[in-house]
Amino acid sequence: MQFAVLSLFPDMFTSPFAQSIIGKAVEKGLLGIATHQLRNYAAGRHQVTDDTPYGGGDGMVMKAEPVCHGIEDMRHRYPEAHVVLMTPQGQRFNQAEAEHLAQKQALVFVCGRYEGFDERIRSYVDAEYSIGDYVLTGGELPAMVVMDAVARLVPGVLGNEDSARQDSHSDGLLEFPHYTRPAEFRGEKVPEVLLSGNHARIQEWRRNEQCKRTEERRPDLWQRYTQQHKSDN
Ligand code: ADE
């Protein structure tokens with residue numbers, strides 16, 4: 001999987017992609033990450049990438065020319081790429097979208113700063129994503145969130161192929177509770193069934209816990225899950 005990023009702050013991507021599981025995947029050549037300085041696509045001596053909004057108002061707006069010029073160069077460099085714009089106005093990113101993006105050969109992330117993008121930029125990208133209903137200072141952290149969620153779905157990135165499939169959200173439910181040694185911690189015991197060695201009982205207990213948890217903590221997911229399973233039958 002090739003990731004490319006168009007940003008005014010490409011250095012922000014260095015450390016997160018040099019560590020841990022993602023760092024190892026980069027070393028192994030399973031993931032490539034290339035960052036591109038958006039300012040290099042801006043014209044003139046001052047290489048300005050933002051300007052005041054037409055109609056007035058607070059803040060600055062990302063200019064169409066440098067961003068579109070940058071996107072065109074990305075499409076030239078990565079002809080297979082799916083180009084995504086990070087914006088609080090985008091489609092809400094979730095596990096299903098991570099799975100969809102993980103099928104692509106290359107992803108380009110366009111990260112903005114300031115109040116937002118000139119509206120005319122939108123027609124140059126393939127998708128717009130928001131990572132949640134809150135506003136960050138730029139698209140870099142959201143792009144890293146999406147990249148991380150996609151990267152761990154790329155075959156070989158996680159050691160154990162099953163661990164991505166068993167995640168919270170991958171089947172529309174939250175994950176079951178996990179325990180490791182010791183069997184008793186400060187008076188709290190690990191549920192007996194997990195020590196039983198009875199695989200079928202353990203599976204059943206875990207499924208039950210998943211349902212209980214999802215219903216209690218995420219009624220929105222639970223409703224979707226029960227509706228889907230109703231229509232399956
Ligand atoms: N840029 C600023 N806030 C954002 C968010 N919540 N999601 C995606 N991009 C953003």
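**View 1. Glu128, written E128 here, is a buried residue of strand β8 in this predicted model.** With a relative accessibility of 14%, E128 counts as buried, a word that stands for under 20% relative accessible area, while exposed means over 50% and partly exposed lies in between, using a 1.4 Å probe and protein chains only. Its strand, β8, covers residues 127-130; strands (E, at least two residues) and helices (H or I, at least four residues) are DSSP runs, numbered from the N terminus. The model is predicted, and local features need pLDDT of at least 70, side-chain atom pairs count only at pLDDT 80 or more, and totals for chains, interfaces and linings use all residues. Residues are numbered from 1 along each chain as its sequence is written, and side-chain values use heavy atoms, with hydrogens and water left out.

**View 2. The surroundings of E128 include a polar contact with R122.** The side chains of E128 and R122 are joined by this contact at 2.7 Å, where a polar contact is a pair of N or O atoms within 3.5 Å, of which, within protein, one must be able to donate a hydrogen and the other to accept it, and residues adjacent in sequence count only if both atoms are side-chain atoms. When neighbours within four places in sequence are set aside, E128 is in contact (heavy atoms within 4.5 Å) with L85, T87, G90, Q91 and R122.

**View 3. Strand β6 is covered on both of its faces.** On one side of β6 lie A106, V108 and V110, on the other L107, F109 and C111, and all of them are buried. Because six of the six residues of β6 (residues 106-111) are buried, this strand is largely enclosed by the rest of the structure.

**View 4. Strand β6 pairs with β1 and with β5.** Two strands are said to pair if DSSP finds at least two bridges between them. Strand β1 (residues 2-7) runs parallel to β6 over five bridges, and F3 stands opposite L107 of β6. Strand β5 (residues 82-92) also pairs with β6 in the parallel sense, over five bridges, and here M86 stands opposite C111 of β6. Between β5 and β6 the chain passes through helix α3 (residues 95-102), making a right-handed β-α-β crossover; right-handed means that, with the strands pointing away from the viewer, the path from the first strand over the helix to the second runs clockwise.
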